[in-house]
Amino acid sequence: MIKKYKLTDGAYHTNDKILYRIQALEDFGDVKKGELGGFVQNEDNLSHEGGCWIYEDAKVYGEAKVYEKARVGGSALIYGNAKVFGYTRIGGSIEISGDSKIG
């Protein structure tokens with residue numbers, strides 16, 4: 001599998017978890033190589049496949065996952081076991097948690 005982003009040293013602490021800012025390793029969709037994205041706890045939170053991305057100050061952690069062509073931005077929080085997929089666009093200050101599935 002080819003990785004489309006890496007975890008940077010830019011860290012954010014929330015709910016006793018450390019989240020890492022992501023950085024694009026290649027161009028895809030409207031994301032350019034080197035562009036900084038939002039925050040994840042680990043690489044399981046954002047798929048390396050498809051056009052999915054986390055923008056700005058959005059945070060995805062716990063067992064939550066963003067995949068396929070989903071986009072999360074603003075100051076959104078996605079956590080717990082939530083799944084965001086398909087062509088979904090999430091932004092603003094929304095909070096999605098638990099076993100939510102949005103796609």
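**Reading the fold**

Guide: Start with contacts, meaning heavy atoms within 4.5 Å. In the protein chain, of the contacts between residues at least 6 apart in sequence, 18% join residues at least 24 apart. This is a predicted model, in which local features need pLDDT of at least 70, side-chain atom pairs count only at pLDDT 80 or more, and totals for chains, interfaces and linings use all residues. Residues are numbered from 1 along each chain as its sequence is written, and side-chain values use heavy atoms, with hydrogens and water left out.

Visitor: How many helices and strands are there in the protein chain?

Guide: Both are DSSP runs numbered from the N terminus: helices are H or I with at least four residues, strands are E with at least two. The protein chain has zero helices and twelve strands.

Visitor: In which sense do strand 1 and strand 2 pair?

Guide: Two strands pair if DSSP finds at least two bridges between them. Strand 1 (residues 5-14) and strand 2 (residues 17-24) are antiparallel, with seven bridges. One of the residues to look at is Tyr5, whose bridge partner in strand 2 is Ala24. Two residues lie between the strands of this hairpin, and Asn15 takes a positive phi near 45° there.

Visitor: What is the order of the open sheet of three strands?

Guide: The order is 4-7-10, with parallel pairing. Strand 4 (53-54) and strand 10 (89-90) are the edge strands, since each pairs on one side only. Strand 7 (residues 71-72) runs parallel to strand 10 and is joined to it by two bridges. Val72 has Ile90 as its bridge partner in strand 10.

Visitor: Is Glu63 buried or exposed?

Guide: Buried means under 20% relative accessible area, exposed over 50%, and partly exposed in between, with a 1.4 Å probe and protein chains only. Glu63 counts as exposed because its relative accessibility is 60%. Glu63 lies in the loop between strand 5 (59-60) and strand 6 (65-66). Beyond its neighbours within four places in sequence, Glu63 is in contact with residues including Asn45 and Lys83. Across the protein chain, 41% of the 103 residues count as buried.
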